[in-house]
Amino acid sequence: MSRNPPGMNDVNLQEQRPRGPRLYHKKSRTGCMRCKQRRVKCDETRPSCSSCSRHAVECIYPNASQGAAKVIPDTRRNSVPTVYSANQHSTSGPDLLGFAPVTGGTSHRGPGHTSGSSSYANRPSNFPHPLGGYPSPNSPCPTPDEGTDADINLPEGPWRRFWEIRLIHNYHQNMVQPFPFAQNEDIVQIWRTDVPNLAMRMAQEHNRCSLLHITLANSALYLWTKSRDKQERDELFKLQQTYQIMCVKEQRRDVDELSQQIVQNADYVCFTSIRILAHSIALVQTLTVDPWEPPIQWLYMGRGAGQILDMARKLISPESDTKIKTFARSPPDMSDPKELIYLDHSSLDWLLEPPAGAGSLTAQEDRELDDENVKSIYGKALSYICSIEKGIENKEKDFAIVRRFGGFAVWVPVEFTRFVEERRPRAMVIFAYFMSKWLNYDHLWMIGKAGEMQLRGIYKVLPIEWSYKLDGLFARFKQPEAGR
């Protein structure tokens, strides 16, 4: 047996260990749509394959008798007009929780902002390190949708204890009041004391850890936005990703109990959902610009969180004194659809118009708005943007506007998210206008440069004939070249 060269450190030994062969499988050409989209093997069990059954989501198989296949828009220059089927739908919609797959790997790497953590280069030699247990930053992190039944967990040991203590300390030190203008004292009390106590009590007494896990994930993401050390950023991003996945797995069980009208844990389920939604908003700033990644995960999560909160509202009696009722009553008031998705949006209707004018050949070939349902979906998205503009004009505080940002995913029809997934030009233009409202809030850690990055990404992939509609949004930074 050969011996290792002298002087080789533990890290090199770890990297040189032989790895098992990568497993491949034959492609399933008649599998369900969800497995095809995720690029995993489908066992083709009907009516629901094993993967869809395991994740409790709808299983849809392709059917040649269904309507005409949708045409994904070609965003290159000189592309021909895109024709959409009036009744087409994406098959990747959310389940009750609204969770889209959590992307693994290192593609989500937005720029760091300000220094706020110690450098790894200066840490002591006995610093807890995850070698031998925790995946390296460059290895794909398993997700609930990767077709594996393996438990996703962090190894016990000093390394995990160190990080959890640091993340909890960071939450109390920096995240209880993330806005420059203080919220209502009752709301501050909820996030400073009530929610942490609820998370700890449920973990200790009932082994329910979803709220604790998403709090740790949120804290790790906060530190990621502040760190300038590449190795530390990679480790923090893996931490937030893993804790988020652990939360999602447990939250499904909690929601199942809520749907069975077990209301004792309504506060717990609701605040976990709000935390998940806030975390997914903060993840928007980590998405890449080139190629553009739309924030589909956040849009679907918002829809799921809205459904959970609505379910809890119906189950909780009016006489009960719950913390979620206190939170729901805090500003802004987002309970009236007339003030959110049925506002007059005539000031933004020009975004829907064909780029070449109503009498042009392009306009005559553009039949998308002939479908009244599609037109209504776009109208509700425009109305919601107008409600945000109204809040900004009324000088609402930062925390109120950020809640309005999060409400976009809750109130705007889920079909709009599918239109963005399909990269319909109108949907991308409308979404770009929504993201432009984020530009003045980049001083908030959970927003960061998300607005600018999404605008740049959309502008790059938008068909050249539509790009002029976004020209006025780039006054604050250098405008990218359209179609490049």
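Which residues does Phe-271 touch, not counting residues up to four places away in sequence? Phe-271 touches Ile-190, Trp-191, Val-195, Leu-211, Lys-323, Ile-324 and Phe-327, where contact denotes heavy atoms within 4.5 Å. The model is predicted: local features need pLDDT of at least 70 and side-chain atom pairs pLDDT 80 or more, whereas totals for chains, interfaces and linings use all residues. Numbering starts from 1 along each chain as its sequence is written, and side-chain values use heavy atoms, without hydrogens and water.

View 1. Phe-271 counts as buried because its relative accessibility is 2% (buried: under 20% relative accessible area, 1.4 Å probe, protein chains only). Between Phe-271 and Ile-190 lie 81 residues in sequence and, C-alpha to C-alpha, 9.9 Å in space.

**View 2. Crossing of helix 8 and helix 9.** The axes of helix 8 (residues 266-282) and helix 9 (residues 296-315) come within 9 Å and cross at roughly 165°. Helix 8 is therefore roughly antiparallel to helix 9 (angles over 145 degrees, on a scale from 0 to 180 degrees between N-to-C directions, with axes fitted to C-alpha atoms over the stretch in contact). Helices are DSSP runs (H or I, at least four residues) numbered from the N terminus.

**View 3. Residues joining helix 8 to helix 9.**

Conventions:
Helices (H or I, at least four residues) and strands (E, at least two) are DSSP runs, numbered from the N terminus. Angles under 35 degrees count as roughly parallel, over 145 as roughly antiparallel, 65 to 115 as roughly perpendicular and the rest as oblique. Buried means under 20% relative accessible area, exposed over 50%, partly exposed in between (1.4 Å probe, protein chains only).
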